[in-house]
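Have a look at the sequence and structure first.

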Amino acid sequence: QVQLVESGGGLVEPGGSLRLSCAASESIFSPNAMGWYRQAPGKQRELVAMFNSGGSTHYADSVKGRFTISRDNAKNTVYLQMNSLKPEDTAVYYCNLILLLVPSRDYWGQGTQVTVSS
């Protein structure tokens, strides 16, 4: 059972930056997709950024050019660098890992709150 632990959320003013981290409890050797989702109050959870199984990145249109996803395989950690933050980025951010096995296995972190406000 892989555990994902997020950190780095907080309160930031519009235009500011934050970096989120997601540490997996073990090394991942199976084919996988890993990334970040967010859920704002009253809204559905949405994809923010992810690595697909081939290692390519995908971003939601709303964050392109502002957010960057990266990973450190030696630390079993994925990061989300968020720049030029806007109030509409306020949400709980969740780390997600999908092991592309048969059947696939889906893991979520506990979430970290990001609040963008002056």
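This is a predicted model: local features need pLDDT of at least 70, side-chain atom pairs count only at pLDDT 80 or more; totals for chains, interfaces and linings use all residues.

You'll find Ser-56 in the loop between β5 and β6 (57-59). Leaving aside residues up to four places away in sequence, Ser-56 touches Met-50 and Phe-51.

Now hop over to Leu-80, which lies in strand β8. Leu-80 has 0% relative accessibility, so it counts as buried, the cut-off being under 20%. Its contacts, again without residues up to four places away in sequence, include Leu-18, Trp-36, Val-48, Phe-67, Ile-69 and Tyr-93.

Both residues can be paired with another one from elsewhere in the chain:

| Pair | Apart in sequence | C-alpha to C-alpha |
|---|---|---|
| Ser-56 and Ala-33 | 23 residues | 9.6 Å |
| Leu-80 and Val-48 | 32 residues | 9.4 Å |

So what about the largest nonpolar core: which residues have the most contacts inside it? They are Leu-4, Trp-36, Leu-80, Met-82 and Tyr-93, in a core of 30 residues. The largest share, five residues, comes from β9.

Not counting residues up to four places away in sequence, Met-82 touches Gly-16, Ser-17, Leu-18, Leu-20, Arg-66, Phe-67, Tyr-93 and Val-114.

Notes
Residues are numbered from 1 along each chain as its sequence is written. Side-chain values use heavy atoms; hydrogens and water are left out. A nonpolar core is a set of buried Ala, Val, Leu, Ile, Met, Phe, Trp, Tyr and Cys residues joined through side-chain atoms within 4.5 Å. Buried means under 20% relative accessible area, exposed over 50%, partly exposed in between (1.4 Å probe, protein chains only). Helices (H or I, at least four residues) and strands (E, at least two) are DSSP runs, numbered from the N terminus. Contact means heavy atoms within 4.5 Å.
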